[in-house]
Amino acid sequence: MAWQRKDLLGLADLSLDETETLLQSAQAFKPVFGRSVKKFPTLRGKTIINLFYEPSTRTRSSFEIAGKWLSADVINVSAANSSVAKGESLKDTAKTLEAMGADAIVLRHSTPGTPNYLAKSCQTSVINAGDGAREHPTQALLDLLTLKEKWGSFRAKNVLIIGDIRHSRVAKSNIYGLTRLQAKVTVCGPATLIPPGLERLGVSVKEQLENELLQKADAIYVLRLQRERQSQGLFPSLREYSKLYGLNSDRMRHTKPDVIIMHPGPANLGIEITTEVAYGKASSIREQVTNGVAVRMAVLYHLVGGGRQVVDLD
Ligand code: NCD
């Protein structure tokens with residue numbers, strides 16, 4: 001498929017073809033990961049700017065590694081140390097970075113829709129690295145890649161997403177991607193943390209984490225409990241949450257032998273997931289992190305490199 005898009009803003013509007021193209025390209029990059037020299041010349045001379053207005057370790061460094069392995073120059077701008085602190089508007093900042101020759105801006109911002117706004121005002125490619133509670137497309141793509149590597153096809157697979165769906169951009173992007181690939185998605189969490197109207201996206205909604213849900217799941221995706229929301233009275237105590245929704249060894253006894261456990265990180269160990277389960281044999285959390293680099297390489301390759309066949313991806 002010839003790549004057309006300048007930006008990656010979310011999975012909601014990504015077609016099946018586009019989603020599959022990104023996943024296939026990411027898979028094609030994986031064999032390099034075992035090599036001692038992990039460099040492709042594809043993005044030589046290109047400049048990628050990580051513009052982060054929210055703290056991040058794994059997403060930012062994953063984009064940085066992906067850009068560097070493709071030979072691009074990668075520059076990190078964190079809002080706390082930039083003139084954003086002096087009140088420069090986002091658009092001005094982006095225009096300045098564009099005038100300096102940036103070929104892509106990887107943006108993380110707490111306001112939903114900011115990447116869309118920027119994409120309209122700049123020629124530069126804009127990649128959404130998380131916008132408020134709206135979308136986190138590269139996180140969902142790395143999750144999809146992790147599942148695709150195990151399953152091949154998503155058809156008729158059951159994915160159970162547990163936790164704070166309402167505030168989770170990761171859950172939203174995953175719902176779009178998983179349903180597009182024909183997986184069956186069930187979300188489970190306290191009613192206060194489930195946004196209304198999810199069923200319209202083809203998702204089943206459950207408030208109680210019954211054993212039957214655990215038995216049926218081919219993959220269980222545990223979301224980070226966003227503790228910063230606790231003061232808003234949206235869920236009881238951490239202990240209560242952990243008791244009702246935490247994934248622990250007792251609950252694991254009800255799951256399929258080959259169930260896949262996932263978490264986007266950073267995990268609150270002992271709250272939404274126990275250490276034992278997070279590091280246990282069913283956990284794919286490490287693979288998710290590795291796949292993050294592959295997926296971001298694929299995204300940069302198509303958006304910035306124009307899918308140039310410098311590398312044979314077949
Ligand atoms: C997520 C995020 O920032 O949205 N983390 C990540 O990108 N690895 C998940 C979260 O913080 O809950």
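Reader: In which loop is Gln 182 found?
Author: In this predicted model, the residue Gln 182 lies between a helix and a strand, the helix being α6 (169–180).

Reader: Is Gln 182 buried, partly exposed or exposed?
Author: Phi of Gln 182 is near 75 degrees, a positive value in a residue other than glycine. Buried would require under 20% relative accessible area and exposed over 50%. Because the relative accessibility of Gln 182 is 41%, the residue counts as partly exposed.

Reader: Is Ser 71 buried or exposed?
Author: Ser 71, found in the loop between α2 (58–69) and β2 (73–78), also has a positive phi, near 70 degrees. The cut-off for a buried residue is under 20% relative accessible area. Since Ser 71 has a value of 19%, the residue is buried.

Reader: Which residue in β6 stands opposite Val 159?
Author: Strand β5 (residues 158–162) pairs in the parallel sense with strand β6 (residues 184–188), over 5 bridges. Within this pairing, the residue opposite Val 159 is Val 185.

Reader: Which strands stand at the edges of the open sheet?
Author: The sheet is formed by 5 strands in the order β7-β6-β5-β8-β9, with parallel pairing. An edge strand has a single partner, so one side of it is left without a neighbour in the sheet, and this applies to β7 (203–206) and β9 (260–262).

Reader: Which residue does a cis peptide bond join to Gly 265?
Author: The loop between β9 and α10 (275–278) holds a proline. The bond in question has an omega of about -5 degrees, and the residue joined to Gly 265 is Pro 266.

Definitions and conventions
Residues numbered from 1 in each chain as written. Predicted model: local features only at pLDDT ≥ 70, side-chain atom pairs only at ≥ 80, totals over all residues. Heavy atoms only, no water. Pairing = 2+ DSSP bridges. Helix = DSSP H or I, 4+ residues; strand = E, 2+ residues; numbered from the N terminus. Buried < 20%, exposed > 50% of the residue type's maximum accessible area, 1.4 Å probe, protein only.
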